[in-house]
Amino acid sequence: MSHNPVGPIVVGVDGSEAALGAVGWAVAEARLRRLPLELVHATAESSLGSPQSVPSPVDLADLARRHGQRLLTTAADVSREAAPEVPVTTVVRTEHPGAALLDEAARASLLVLGTPPVRFLGRAVAGSVTTALAARAACPVAIVRPHVAEDEPPGAGPVVVGVDASPGGDEAIAAAFDEACHRGAALVAVHVWDEAFLCSLFEETRRVLDRPAIEAHERELLAQRLAGWREKYPDVAVERMVARGRAADRLLDHAEYAQLIVVGSHGRGGFAGLPLGSTSQALITFASCPLLIARHD
(Lines give C-alpha, C1' and ligand atoms only; values in the text may rest on other atoms or scores of the structure.)
Protein backbone atom coordinates (compact mmCIF):
# COMPACT_ATOMS: atom_id res chain seq x y z
CA MET A 1 0.00 0.00 0.00
CA SER A 2 1.40 3.40 -0.94
CA HIS A 3 1.33 6.25 1.52
CA ASN A 4 -1.05 9.20 1.50
CA PRO A 5 0.91 12.41 0.80
CA VAL A 6 -1.87 14.56 2.29
CA GLY A 7 -2.53 12.30 5.26
CA PRO A 8 -1.66 13.25 8.83
CA ILE A 9 1.82 13.28 10.27
CA VAL A 10 1.76 10.45 12.79
CA VAL A 11 3.96 10.45 15.90
CA GLY A 12 4.52 7.57 18.28
CA VAL A 13 4.14 8.72 21.91
CA ASP A 14 5.37 6.61 24.84
CA GLY A 15 5.87 9.22 27.55
CA SER A 16 9.61 9.55 27.03
CA GLU A 17 11.48 12.81 26.54
CA ALA A 18 12.59 11.46 23.16
CA ALA A 19 8.96 11.09 22.07
CA LEU A 20 8.15 14.64 23.18
CA GLY A 21 11.15 15.82 21.17
CA ALA A 22 9.75 13.98 18.15
CA VAL A 23 6.39 15.72 18.71
CA GLY A 24 8.13 19.10 18.69
CA TRP A 25 9.90 18.25 15.43
CA ALA A 26 6.77 16.80 13.86
CA VAL A 27 4.54 19.79 14.65
CA ALA A 28 7.05 22.09 12.95
CA GLU A 29 6.92 19.80 9.92
CA ALA A 30 3.11 19.78 10.02
CA ARG A 31 3.05 23.58 10.16
CA LEU A 32 5.37 23.83 7.15
CA ARG A 33 3.23 21.43 5.14
CA ARG A 34 -0.17 22.53 6.48
CA LEU A 35 -0.99 18.99 7.56
CA PRO A 36 -2.74 17.70 10.68
CA LEU A 37 -0.87 15.91 13.44
CA GLU A 38 -1.90 12.56 14.92
CA LEU A 39 -0.38 11.40 18.20
CA VAL A 40 -0.56 7.65 18.85
CA HIS A 41 0.06 5.67 22.04
CA ALA A 42 -0.13 1.88 22.00
CA THR A 43 -0.02 -0.67 24.82
CA ALA A 44 -0.57 -4.36 24.11
CA GLU A 45 -3.20 -5.72 26.51
CA SER A 46 -1.44 -9.08 26.48
CA SER A 47 1.56 -7.44 28.13
CA LEU A 48 -0.45 -6.31 31.16
CA GLY A 49 -0.81 -9.76 32.77
CA SER A 50 -3.16 -10.49 35.64
CA PRO A 51 -1.26 -10.73 38.93
CA GLN A 52 -3.46 -11.43 42.00
CA SER A 53 -2.46 -8.23 43.81
CA VAL A 54 -3.84 -5.85 41.17
CA PRO A 55 -7.32 -5.29 39.67
CA SER A 56 -8.78 -7.66 37.09
CA PRO A 57 -7.35 -7.72 33.55
CA VAL A 58 -10.30 -5.62 32.34
CA ASP A 59 -9.48 -2.96 34.93
CA LEU A 60 -5.80 -3.10 34.01
CA ALA A 61 -6.64 -2.50 30.37
CA ASP A 62 -8.76 0.49 31.34
CA LEU A 63 -5.96 1.85 33.54
CA ALA A 64 -3.50 1.42 30.67
CA ARG A 65 -5.78 3.32 28.30
CA ARG A 66 -6.23 6.12 30.81
CA HIS A 67 -2.49 6.29 31.33
CA GLY A 68 -1.94 6.42 27.58
CA GLN A 69 -4.46 9.22 27.22
CA ARG A 70 -2.66 11.24 29.90
CA LEU A 71 0.60 10.83 28.00
CA LEU A 72 -1.11 11.92 24.81
CA THR A 73 -2.64 14.94 26.51
CA THR A 74 0.82 16.07 27.60
CA ALA A 75 2.16 15.55 24.08
CA ALA A 76 -0.81 17.44 22.58
CA ASP A 77 -0.13 20.35 24.93
CA VAL A 78 3.46 20.44 23.67
CA SER A 79 2.19 20.52 20.09
CA ARG A 80 -0.41 23.24 20.68
CA GLU A 81 2.06 25.42 22.54
CA ALA A 82 4.50 25.21 19.64
CA ALA A 83 1.95 25.64 16.84
CA PRO A 84 -1.66 26.23 17.94
CA GLU A 85 -2.81 26.44 14.33
CA VAL A 86 -1.93 22.77 13.63
CA PRO A 87 -4.91 20.41 14.15
CA VAL A 88 -4.05 17.62 16.63
CA THR A 89 -5.83 14.35 17.30
CA THR A 90 -4.88 11.63 19.79
CA VAL A 91 -5.31 7.87 19.45
CA VAL A 92 -4.92 5.15 22.09
CA ARG A 93 -4.49 1.64 20.69
CA THR A 94 -4.37 -1.68 22.55
CA GLU A 95 -1.81 -3.43 20.37
CA HIS A 96 1.92 -3.82 20.24
CA PRO A 97 3.33 -0.36 19.41
CA GLY A 98 5.04 -1.65 16.29
CA ALA A 99 1.85 -3.15 14.88
CA ALA A 100 -0.25 -0.11 15.79
CA LEU A 101 2.12 2.40 14.22
CA LEU A 102 2.56 0.23 11.14
CA ASP A 103 -1.20 0.31 10.65
CA GLU A 104 -1.40 4.07 11.22
CA ALA A 105 1.43 4.62 8.72
CA ALA A 106 -0.68 3.11 5.92
CA ARG A 107 -2.72 6.33 5.67
CA ALA A 108 -0.10 8.82 6.86
CA SER A 109 2.07 11.25 4.94
CA LEU A 110 4.90 10.73 7.43
CA LEU A 111 5.63 8.62 10.50
CA VAL A 112 7.82 10.29 13.14
CA LEU A 113 9.65 8.33 15.83
CA GLY A 114 11.74 9.59 18.72
CA THR A 115 14.73 7.62 19.94
CA PRO A 116 16.40 8.09 23.33
CA PRO A 117 19.96 9.39 23.56
CA VAL A 118 21.40 6.02 24.58
CA ARG A 119 25.14 6.07 23.94
CA PHE A 120 27.36 3.40 22.44
CA LEU A 121 30.91 4.48 21.67
CA GLY A 122 29.79 8.09 21.88
CA ARG A 123 26.76 7.83 19.61
CA ALA A 124 23.05 7.25 20.11
CA VAL A 125 21.57 3.82 19.45
CA ALA A 126 18.07 3.15 18.08
CA GLY A 127 15.83 0.31 19.21
CA SER A 128 14.59 -2.68 17.24
CA VAL A 129 11.01 -1.35 16.96
CA THR A 130 12.31 1.85 15.36
CA THR A 131 14.38 -0.12 12.86
CA ALA A 132 11.48 -2.43 12.02
CA LEU A 133 9.09 0.46 11.44
CA ALA A 134 11.62 2.26 9.27
CA ALA A 135 11.91 -0.89 7.20
CA ARG A 136 8.24 -1.76 6.84
CA ALA A 137 6.15 1.41 7.10
CA ALA A 138 4.19 2.33 3.97
CA CYS A 139 5.02 6.02 4.33
CA PRO A 140 8.33 7.87 4.78
CA VAL A 141 9.75 7.58 8.30
CA ALA A 142 11.52 10.36 10.22
CA ILE A 143 13.70 9.39 13.16
CA VAL A 144 14.43 12.16 15.67
CA ARG A 145 16.76 12.11 18.65
CA PRO A 146 18.41 14.76 20.81
CA HIS A 147 21.47 16.19 19.13
CA VAL A 148 24.83 15.07 20.48
CA ALA A 149 26.12 18.54 21.29
CA GLU A 150 22.88 20.50 21.83
CA ASP A 151 19.48 20.11 23.43
CA GLU A 152 17.79 20.36 20.04
CA PRO A 153 18.85 19.33 16.51
CA PRO A 154 20.19 22.24 14.45
CA GLY A 155 17.45 24.13 12.64
CA ALA A 156 19.50 26.32 10.31
CA GLY A 157 21.78 23.80 8.57
CA PRO A 158 21.31 22.28 5.12
CA VAL A 159 19.28 19.27 4.13
CA VAL A 160 21.69 16.48 3.15
CA VAL A 161 20.72 13.70 0.76
CA GLY A 162 22.60 10.51 -0.01
CA VAL A 163 22.53 9.95 -3.78
CA ASP A 164 23.22 6.54 -5.31
CA ALA A 165 22.05 4.45 -8.25
CA SER A 166 19.58 2.35 -6.25
CA PRO A 167 15.88 1.99 -7.18
CA GLY A 168 14.91 4.17 -4.22
CA GLY A 169 17.29 6.95 -5.17
CA ASP A 170 14.71 9.07 -6.99
CA GLU A 171 12.38 9.02 -3.98
CA ALA A 172 15.18 10.21 -1.71
CA ILE A 173 16.14 13.02 -4.09
CA ALA A 174 12.51 14.10 -4.47
CA ALA A 175 11.96 14.09 -0.71
CA ALA A 176 15.18 16.01 -0.09
CA PHE A 177 14.36 18.78 -2.59
CA ASP A 178 10.85 19.03 -1.16
CA GLU A 179 12.17 19.30 2.41
CA ALA A 180 14.77 21.89 1.45
CA CYS A 181 12.14 23.93 -0.39
CA HIS A 182 9.69 23.92 2.51
CA ARG A 183 12.42 24.79 4.99
CA GLY A 184 14.11 27.44 2.88
CA ALA A 185 17.34 25.48 3.29
CA ALA A 186 20.26 24.64 1.03
CA LEU A 187 20.61 21.08 -0.23
CA VAL A 188 23.85 19.12 -0.09
CA ALA A 189 23.79 16.11 -2.45
CA VAL A 190 26.41 13.56 -1.42
CA HIS A 191 27.51 10.69 -3.65
CA VAL A 192 30.07 8.23 -2.32
CA TRP A 193 32.18 5.63 -4.11
CA ASP A 194 33.90 2.82 -2.27
CA GLU A 195 37.61 3.19 -3.04
CA ALA A 196 38.68 0.29 -0.83
CA PHE A 197 36.28 -2.10 -2.56
CA LEU A 198 37.44 -1.08 -6.04
CA CYS A 199 41.09 -1.33 -5.00
CA SER A 200 40.56 -4.90 -3.82
CA LEU A 201 38.97 -5.80 -7.17
CA PHE A 202 41.77 -4.23 -9.17
CA GLU A 203 44.48 -5.87 -7.05
CA GLU A 204 43.15 -9.29 -8.03
CA THR A 205 43.65 -8.49 -11.72
CA ARG A 206 46.89 -6.53 -11.11
CA ARG A 207 45.41 -3.48 -12.77
CA VAL A 208 46.00 0.10 -11.64
CA LEU A 209 43.00 1.99 -10.29
CA ASP A 210 42.51 5.19 -12.30
CA ARG A 211 41.20 7.39 -9.52
CA PRO A 212 40.83 10.60 -11.58
CA ALA A 213 38.78 8.75 -14.19
CA ILE A 214 36.58 7.14 -11.55
CA GLU A 215 36.13 10.48 -9.81
CA ALA A 216 35.05 12.08 -13.08
CA HIS A 217 32.64 9.22 -13.76
CA GLU A 218 31.08 9.51 -10.30
CA ARG A 219 30.67 13.26 -10.67
CA GLU A 220 28.90 12.71 -13.98
CA LEU A 221 26.67 10.09 -12.34
CA LEU A 222 25.71 12.54 -9.60
CA ALA A 223 24.96 15.23 -12.20
CA GLN A 224 22.72 12.81 -14.07
CA ARG A 225 20.85 11.83 -10.92
CA LEU A 226 20.15 15.49 -10.14
CA ALA A 227 19.23 16.44 -13.70
CA GLY A 228 15.85 18.14 -13.89
CA TRP A 229 15.45 18.70 -10.17
CA ARG A 230 17.05 22.15 -10.26
CA GLU A 231 14.37 23.23 -12.76
CA LYS A 232 11.59 21.89 -10.51
CA TYR A 233 13.05 23.65 -7.46
CA PRO A 234 14.82 26.78 -8.79
CA ASP A 235 14.94 28.43 -5.36
CA VAL A 236 16.86 25.58 -3.71
CA ALA A 237 20.63 26.14 -3.62
CA VAL A 238 22.40 22.83 -4.32
CA GLU A 239 25.93 21.79 -3.46
CA ARG A 240 27.18 18.59 -5.08
CA MET A 241 29.78 16.50 -3.26
CA VAL A 242 31.56 13.32 -4.40
CA ALA A 243 33.48 11.50 -1.67
CA ARG A 244 35.41 8.28 -1.20
CA GLY A 245 34.71 5.70 1.48
CA ARG A 246 31.59 4.14 2.95
CA ALA A 247 28.38 6.03 2.27
CA ALA A 248 27.23 5.79 5.90
CA ASP A 249 30.51 7.21 7.20
CA ARG A 250 30.50 10.15 4.82
CA LEU A 251 26.85 10.99 5.54
CA LEU A 252 27.50 10.76 9.28
CA ASP A 253 30.20 13.39 8.78
CA HIS A 254 27.38 15.80 7.86
CA ALA A 255 25.09 14.87 10.74
CA GLU A 256 26.73 17.28 13.17
CA TYR A 257 25.58 20.35 11.25
CA ALA A 258 22.70 19.22 9.00
CA GLN A 259 19.10 19.86 10.02
CA LEU A 260 18.02 16.70 8.19
CA ILE A 261 19.57 13.76 6.34
CA VAL A 262 17.50 12.02 3.65
CA VAL A 263 18.21 8.54 2.29
CA GLY A 264 16.32 5.87 0.40
CA SER A 265 15.15 2.66 1.98
CA HIS A 266 17.45 0.57 -0.21
CA GLY A 267 21.13 1.14 -0.80
CA ARG A 268 23.29 -0.03 -3.65
CA GLY A 269 24.00 -3.72 -3.37
CA GLY A 270 20.96 -4.50 -1.20
CA PHE A 271 19.80 -8.10 -0.98
CA ALA A 272 16.29 -9.25 -1.83
CA GLY A 273 14.28 -9.63 1.36
CA LEU A 274 16.24 -6.99 3.28
CA PRO A 275 13.92 -3.96 3.54
CA LEU A 276 16.69 -1.50 4.43
CA GLY A 277 20.09 -0.98 2.88
CA SER A 278 23.17 -1.00 5.10
CA THR A 279 23.54 2.78 4.82
CA SER A 280 20.00 3.38 6.08
CA GLN A 281 20.50 0.94 8.95
CA ALA A 282 23.76 2.59 9.99
CA LEU A 283 22.21 6.07 9.94
CA ILE A 284 19.23 4.89 12.00
CA THR A 285 21.68 3.67 14.61
CA PHE A 286 24.22 6.49 14.62
CA ALA A 287 22.95 9.72 13.03
CA SER A 288 22.76 12.54 15.56
CA CYS A 289 20.45 14.76 13.48
CA PRO A 290 16.94 13.87 12.29
CA LEU A 291 16.86 11.25 9.54
CA LEU A 292 14.21 10.85 6.84
CA ILE A 293 13.91 7.50 5.07
CA ALA A 294 12.07 7.87 1.78
CA ARG A 295 9.99 4.95 0.60
CA HIS A 296 10.49 2.91 -2.57
CA ASP A 297 7.55 0.65 -3.45
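Helix H7, formed by residues 211–226, comprises 16 residues and reaches 23 Å from its first C-alpha to its last, close to the 22 Å expected at 1.5 Å a residue. The expected span is 1.5 Å times one less than the number of residues; helices (H or I, at least four residues) and strands (E, at least two) are DSSP runs numbered from the N terminus. The model is predicted: local features need pLDDT of at least 70 and side-chain atom pairs count only at pLDDT 80 or more, while totals for chains, interfaces and linings use all residues. Residues are numbered from 1 along each chain as its sequence is written, and side-chain values use heavy atoms, with hydrogens and water left out.

The buried residues of H7 are Ile214, Glu215, Glu218, Leu221, Leu222, Arg225 and Leu226. These residues cover an arc of only 130° around the axis, which puts them on the same side of H7; the arc is that of the directions from the helix axis to the C-beta atoms. Buried denotes under 20% relative accessible area, exposed over 50%, and partly exposed in between (1.4 Å probe, protein chains only). The exposed residues Pro212 and His217 are carried on the face of H7 turned away from its buried side. Gly228, which follows H7, has a positive phi, near 95°.

The whole structure contains 16 salt bridges, each defined as a side-chain nitrogen of Lys or Arg within 4 Å of a carboxyl oxygen of Asp or Glu. In one of these, the closest N and O atoms of Glu38 and Arg107 are 2.6 Å apart. Glu38 belongs to strand S2 (residues 37–42) and Arg107 to the loop between helix H3 (97–105) and strand S4 (110–114), so the pair ties together parts that are 69 residues apart in sequence. Glu38 is buried, at 5% relative accessible area, whereas Arg107 is partly exposed, at 39%. Arg107 also forms a salt bridge with Glu104 (2.9 Å, N to O).

Arg219 is partly exposed, with a relative accessible area of 44%, and Glu215 is buried, with 15%. Elsewhere, salt bridges that share partners join Glu38, Arg93, Glu95, Asp103, Glu104 and Arg107 into one network.

Gln259 is located in the loop between helix H9 (247–254) and strand S11 (260–264) and is buried, at 6% relative accessibility. A polar atom of its side chain lies 2.5 Å from the backbone oxygen of Gly157.

Definitions and conventions
Polar contact = N/O pair within 3.5 Å; in protein donor to acceptor, adjacent residues only side chain to side chain.
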